[in-house]
Amino acid sequence: MSRTFLCAALLLLAGVAPACAQQEDRQAWEQLNVIVPMTKQVRVTLEQIARTSDRQDGIYTTEYGALLGWQIAKGVEFGVGYRRVGFHSANLAPDEDRVRQQIVFNRGRLAGRFRIDERFSTVGSGIGVRIRPLLRYNLPLGRPRLALFASHESFLLPNSTSWGQRAGYERMRNLLGVAVPLGKALNADIGYLNQYRFGRAGARPQMDHALSVQLTVNLGALGVAVLHD
């Protein structure tokens, strides 16, 4: 196995060491992407997300949205999109509308995304901005589209809002998994996702252990990676 992949995996695992007095949760994350080509350089991605939680008593988050992407260079895509986010079960957070802009790149075994979210709450004014850099390393396993992967994403919040967002380094997500081709136009990313929310403003830190399953139906590949949320 590649030394680079082992190093990436060890670095991710080092970042998920349990913290004192944290609370933990077992979860399952599901995402479905359907990619529809518009031209040779433009595509639309339709997205659906559902997340379940033991602590939240079932499905606690749903997301529905779309992303318009332009391939501006080989392996580089600029995208803008919208999502409607709903919170359910024991999750009492107000629903949100989210607008996002992102740059995605694909260079050999490396893929990355730099995303900026603007969050609009249904119960208060003010726009919550999030900056989300993500880096992923893919280790091919000898068959086309079959690979091990490791990724890290940080959530940086530059501002606070009256409805609850607090500025600072809010959370990180680390993911280890396998990318599996299930058909000519269907791929699956299956793995273990560890999400760590830092304890801020007197709250306890929380670590989420999640089975992550993402299915992507690609009706016209443009050569730019689709990365998990």
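Student: Which element gives the most to the lining of the largest cavity?

Tutor: This is a predicted model, where local features need pLDDT of at least 70, side-chain atom pairs count only at pLDDT 80 or more, and totals for chains, interfaces and linings use all residues. Residues are numbered from 1 along each chain as its sequence is written, and side-chain values use heavy atoms, with hydrogens and water left out. On a 1 Å grid over the protein atoms alone, a cavity is a set of points where a 1.4 Å probe fits but cannot get out, and lining residues have an atom within 4 Å of a point. With three residues, the top contributor to the largest cavity's lining is β2.

Student: How much space lies in the largest cavity?

Tutor: Four cavities of 30 Å³ or more are found in the structure. A volume is the space filled by probe spheres set on the grid points, which are joined across faces, edges and corners. For the largest cavity this comes to about 140 Å³.

Student: Which residues are closest to the centre of the largest cavity?

Tutor: Elements giving two or more residues to this lining are β1 (23-37), β2, β5 (96-107) and β6 (110-121). By class the lining has five nonpolar, four polar and six charged residues. Here Ala, Val, Leu, Ile, Met, Phe, Trp, Tyr, Cys and Pro count as nonpolar, Asp, Glu, Lys and Arg as charged, and the others, Gly among them, as polar. Of the 15 lining residues, those closest to the centre are E47, L67, Q102, V226 and L227.

Student: Which elements give two or more residues to the lining of the second largest cavity?

Tutor: The second largest cavity holds about 60 Å³. Its lining includes W29, I49, R51, V213 and H228. Three of the lining residues are nonpolar, four polar and three charged. The elements asked for are β1, β2 and β11 (206-218).

Student: Which residues lie nearest the centre of the largest pocket?

Tutor: A pocket is an open set of points with protein on both sides within 12 Å along at least five of seven lines. The largest one has a volume of about 1,100 Å³. Its lining has 13 nonpolar, 11 polar and 19 charged residues. Among 43 lining residues, the nearest to the centre are A93, R119, E170, R171 and R197.

Student: What pattern does the chain follow along the sequence?

Tutor: Helices (H or I, at least four residues) and strands (E, at least two) are DSSP runs, numbered from the N terminus. The chain has one helix and 11 strands. In sequence order, the pattern is α-β-β-β-β-β-β-β-β-β-β-β.

Student: In β3, which residue is the bridge partner of L46?

Tutor: Two strands pair if DSSP finds at least two bridges between them. Strands β2 (residues 42-53) and β3 (residues 58-73) run antiparallel, joined by 12 bridges. Their hairpin has four residues between the strands, and D57 there takes a positive phi near 65°. The partner of L46 is A66.

Student: Which residue in β4 stands opposite T62?

Tutor: β3 and strand β4 (residues 76-87) run antiparallel, with 12 bridges. Two residues separate them in a hairpin, where G75 in the turn has a positive phi of about 75°. Opposite T62 stands G86.

Student: What percentage of the residues count as buried?

Tutor: Buried means under 20% relative accessible area (1.4 Å probe, protein chains only). The chain has 229 residues. The buried share is 46%.

Terms used:
Buried < 20%, exposed > 50% of the residue type's maximum accessible area, 1.4 Å probe, protein only.
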